[in-house]
Amino acid sequence: QVQLVESGGGLVQAGGSLRLSCAASGSIFSIKAMGWYRQAPGQKRELVATITTGGSTNYADSVKGRFTISRDNAKNTVYLQMNSLKPEDTAVYYCNAAVQPLAISTVYPYWGQGTQVTVSS
């Protein structure tokens with residue numbers, strides 16, 4: 001069993017900053033890619049940013065230059081630093097991790113429960 005627990009969401013004014021954290025725990029042999037996705041009301045879930053074990057990153061065009069993803073492999077934790085927030089960044093943000101539970105097992109995707117980010121204008 002693997003759990004992803006997010007924290008750090010909240011209400012912020014436009015132009016402000018927030019930092020999201022997501023810690024993975026449970027039966028974990030290794031974690032491959034980790035990432036953040038978001039879903040606004042009435043919209044499909046979309047990719048925000050991903051990061052590999054080695055630190056290679058990928059960002060949605062809408063957040064490039066404003067958001068930074070990072071991870072602490074020793075803590076099985078991924079972070080999302082969000083600066084210059086805009087009202088259109090308002091959404092539920094979900095953490096995702098590709099986890100190998102055992103040394104001989106395949107890799108499975110796991111999701112956090114989501115954390116609300118609201119940016120007021």
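A residue is called buried when its relative accessible area is under 20%, exposed when that area is over 50%, and partly exposed in between, with a 1.4 Å probe and protein chains only. Helices (H or I, at least four residues) and strands (E, at least two) are DSSP runs, numbered from the N terminus. The model is predicted, so local features need pLDDT of at least 70 and side-chain atom pairs count only at pLDDT 80 or more, while totals for chains, interfaces and linings use all residues. Residues are numbered from 1 along each chain as its sequence is written, and side-chain values use heavy atoms, with hydrogens and water left out.

Two strands pair if DSSP finds at least two bridges between them.

| Partner strand | Sense | Bridges | Example of bridge partners |
|---|---|---|---|
| β4 (residues 30-39) | antiparallel | 8 | Trp 36 and Cys 95 |
| β11 (residues 115-120) | antiparallel | 3 | Val 92 and Gln 116 |
| β10 (residues 108-111) | antiparallel | 4 | Asn 96 and Trp 111 |

In a regular strand the side chains alternate between the two faces of the sheet.

**The nonpolar core**

A nonpolar core is a set of buried Ala, Val, Leu, Ile, Met, Phe, Trp, Tyr and Cys residues joined through side-chain atoms within 4.5 Å. The largest one here has 29 residues, and Trp 36, Leu 80, Met 82 and Tyr 93 have the most contacts inside it. Two or more residues each come from β1 (2-7), β3 (18-26), β4, β5 (46-51), β7 (67-72), β8 (77-82), β9 and β11. Of these, β9 gives the most, with 5 residues.

**Rings and charges**

Rings of Phe, Tyr and Trp (its six-membered ring) pair if their centres lie within 6.5 Å; planes under 30 degrees apart count as stacked, over 60 as edge-to-face and the rest as tilted. The count by this rule is 1 aromatic pair. Tyr 37 and Trp 111 form it, edge-to-face, at 5.1 Å centre to centre and with 65° between the planes. Tyr 37 belongs to β4 and Trp 111 to β10, so the pair ties together parts that are 74 residues apart in sequence. Trp 111 counts as partly exposed because its relative accessibility is 39%.

A charge sits over a ring if NZ of Lys or CZ of Arg is within 6 Å of the ring centre and within 35 degrees of the ring normal. The charged end of Arg 19 is placed in this way over the ring of Tyr 79, 4.1 Å from its centre. Arg 45 has its charged end over the ring of Tyr 94, 3.7 Å from the centre.
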